[in-house]
Amino acid sequence: MSGRHPHPRRTELMTTVAAIDCGTNSIRLLIASQGPAGELVEHTRITTMVRLGQGVDATGEFHPDALQRTFAACDAYAEAIREHGGVDAVRFVATSAARDARNRDEFAAGVRERLGVDPVVVDGEEEAHLSFTGAVTGVPTALDPVLVMDIGGGSTELIRGEQGRIVAEQSLDMGAVRLRERFLTDDPPTPEQIEAARAYAHDLLDQCEVPLDGIGTFIGVAGTATTMAAVDLKLPTYERSLVHQHVIAQGLIDENAERWLASTVEQVRTEPAMHPQRAEIICAGGLILQAVAQRVGRAMVVSESDILDGIAMDLLASGTTPSAVTEA
């Protein structure tokens, strides 16, 4: 189930696909087609916070409650795909938590039962490819070298590219759920916990093989970056079109990260456009974002196009159906 997913030989043209990205914290659905100029045309986009990675870092297994939340979302997505009609293929991609859990076969069986597809548990290289593809599509004016940062629940992907090609990438074993559960256990975290989390993050960045200097465009994707943009914009409710391509200065990244670390979950929940469940882990996500931004030394462009868009684009480009679509 793991590893890079090679494109099969083109045998038929696909017009509409359903892409599902299942991470440590959220699961997302995108139903999209390819426009006349090769662009991605969105039909349906849904995000559900399921916290699949609950306790995985400590126990090495998916918690039964986390599996049930995820399966409930899969049921809803299967219904959305059926209601849309005309979907040629479905691809379900799972990332960090599914790589780490011993009982991933139970997870795979539940997905298969509800969606009629086998989840593809991608490795860090494939995750980086998909994240980079989605992110740079959303920021066509990016100047090289481009650094894409994708902070997930269990891991953080750093991908450096030039002229549309990846030149260095690495998946680091730090994510918003993982650091919250491992280090930032109090509410709010204590100074000692914050110091330990920062030391861990910077130690990983010290060993990172992706050069973080000399970056022309710093792109942040996924929940921590998009939430910071929504908060910076003071949006009363989340609006994807306003968040996309919003630029956050380094000083504001520091300010938001420090405020979240000093606040309780209930205080964070009162911030504009803050998802209630995102509030539980945003202090850890902000710490990671801040650590990376300090190394890069420039403002961050937020892209709403990310790994989910990359999955859909990859699937449309493959030209064949890798798995059947569930019938009603």
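This is a predicted model: local features need pLDDT of at least 70, side-chain atom pairs count only at pLDDT 80 or more; totals for chains, interfaces and linings use all residues.

**Notebook: a few spots looked up**

I began with T156, which counts as buried because its relative accessibility is 0%, under the 20% cut-off.

Entry 1, T156. I found T156 in strand 7, which covers residues 156-162. Next I asked what the side chain of T156 reaches. I got the backbone oxygen of M174, at 2.8 Å. M174 also turns up in my list of contacts for T156, which leaves out neighbours within four places in sequence.

I moved to helix 5, residues 124-138, where A128 has its place. Buried or exposed? I noted A128 as buried, since its relative accessibility is 0%. I then checked the C-alpha atoms of A128 and I159 and got a separation of 6.3 Å, for two residues 31 apart along the chain. I159 is also one of the residues A128 touches, along with E157, I166 and E169, once residues up to four places away in sequence are set aside.

I stayed with helix 5 and looked at how helix 13 meets it. My reminder to myself: two packed helices are described by the angle between their axes and the distance between the axes. For helix 5 and helix 13, I read a crossing of roughly 95°, with the axes coming within 7 Å. Helix 5 is therefore roughly perpendicular to helix 13. On the helix 5 side I listed E126, E127, H129, L130, S131, T133, G134 and T137. On the helix 13 side I listed I307, D309, G310, I311, M313 and D314. Sorted by type, I have 4 nonpolar, 6 polar and 4 charged residues in this contact.

I placed D309 in helix 13, residues 307-318. It counts as buried because its relative accessibility is 5%. Which side chain does the D309 side chain make a polar contact with? I found R45, at 2.9 Å. Leaving aside neighbours within four places in sequence, I have D309 in contact with R45, L30, L40, G134, R240 and E304. G134 was already in my notes, as a helix 5 residue that meets helix 13.

Helix 7 brings I194, A197, R198, A201, H202, L205 and D206 to the contact, while helix 12 brings L287, Q290, A291, V292, Q294 and R295. My tally by type reads 7 nonpolar, 3 polar and 3 charged.

Last, I looked at a loop, the one between strand 1 (16-22) and strand 2 (26-34), where N25 sits. With 6% relative accessibility, N25 counts as buried. I compared its position with H202: 177 residues apart in sequence, and 23 Å from C-alpha to C-alpha. Beyond its neighbours within four places in sequence, I have N25 in contact with M49, V50, R51, V177, R278 and I281.

Notes
Residues are numbered from 1 along each chain as its sequence is written. Side-chain values use heavy atoms; hydrogens and water are left out. Helices (H or I, at least four residues) and strands (E, at least two) are DSSP runs, numbered from the N terminus. Buried means under 20% relative accessible area, exposed over 50%, partly exposed in between (1.4 Å probe, protein chains only). A polar contact is a pair of N or O atoms within 3.5 Å; within protein, one must be able to donate a hydrogen and the other to accept it, and residues adjacent in sequence count only if both atoms are side-chain atoms. Contact means heavy atoms within 4.5 Å. Ala, Val, Leu, Ile, Met, Phe, Trp, Tyr, Cys and Pro count as nonpolar, Asp, Glu, Lys and Arg as charged, and the others, Gly among them, as polar. Axes are lines fitted to C-alpha atoms, for helices over the stretch in contact, and angles run from 0 to 180 degrees between N-to-C directions. Angles under 35 degrees count as roughly parallel, over 145 as roughly antiparallel, 65 to 115 as roughly perpendicular and the rest as oblique.
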